[in-house]
Amino acid sequence: MAIPSAGPPVSPFGNEPSGRLRAEVERLCDEALRQKDLAHRRADFWAKVDIALGFPAALLAGVSGAAGLASVDARIPAALVALTAAGCAAGAGFLRGDSRRVANKRARQAWAAVEAKARMKLAKERLDAEDLGEVLERRQVALAAYEGEDFPPEGPPAVPGR
């Protein structure tokens, strides 16, 4: 009677090329999931920054205008409030929170497409180098999405179930 070894569990695919391809596609799927979540959190952050700087700038500009017109004595405080509003507006313009939010939303969609493609490939019984290549191409598109580059000419990748 044979005694089973107490070593680490052995993958059903072993060390064959298909098993290594599957492990790499699984790694890409995990990376895509992490990057998608990170892009989502970044998009939320930049939306909050945009509101936190833009709304006070607009409010302070209105208040300073009204105070400046109200009386001669209120012109110095109105000027200080106007300078504060200008600072908020300049900060919002410098940080470009809106464009960063849009870039992260675009990246989130691209990473979701990488994850979907990887999951579709993992549903296959056997993977080949072409399968890994397709997932890696989607990854390149996702990396380029942060820079504002559009999807390839054939359009954005389709996500199953949508």
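Let's start with Glu134, which sits in helix α4 (helices are DSSP runs of H or I with at least four residues, numbered from the N terminus). This is a predicted model, where local features need pLDDT of at least 70, side-chain atom pairs count only at pLDDT 80 or more, and totals for chains, interfaces and linings use all residues. Residues are numbered from 1 along each chain as its sequence is written, and side-chain values use heavy atoms, with hydrogens and water left out.

Glu134 is partly exposed because its relative accessibility is 27% (buried is under 20%, exposed over 50%, partly exposed in between, with a 1.4 Å probe and protein chains only). Leaving aside residues up to four places away in sequence, Glu134 touches Lys117 and Lys121 (contact means heavy atoms within 4.5 Å). Glu134 and Lys117 are 17 residues apart in sequence, yet their C-alpha atoms are 7.9 Å apart in space.

## The nonpolar core

Now for the largest nonpolar core: it has 17 residues, and Val25, Trp111, Val114 and Val135 have the most contacts inside it. Such a core is a set of buried Ala, Val, Leu, Ile, Met, Phe, Trp, Tyr and Cys residues joined through side-chain atoms within 4.5 Å. Two or more residues each come from α1 (17-70), α3 (97-122) and α4 (129-145).

## Around Trp46

Trp46 is buried, at 15% relative accessible area, while Phe45 is partly exposed at 47%. Arg100 lies over the face of Trp46, 4.7 Å from the ring centre (for this, NZ of Lys or CZ of Arg must be within 6 Å of the ring centre and within 35 degrees of the ring normal).
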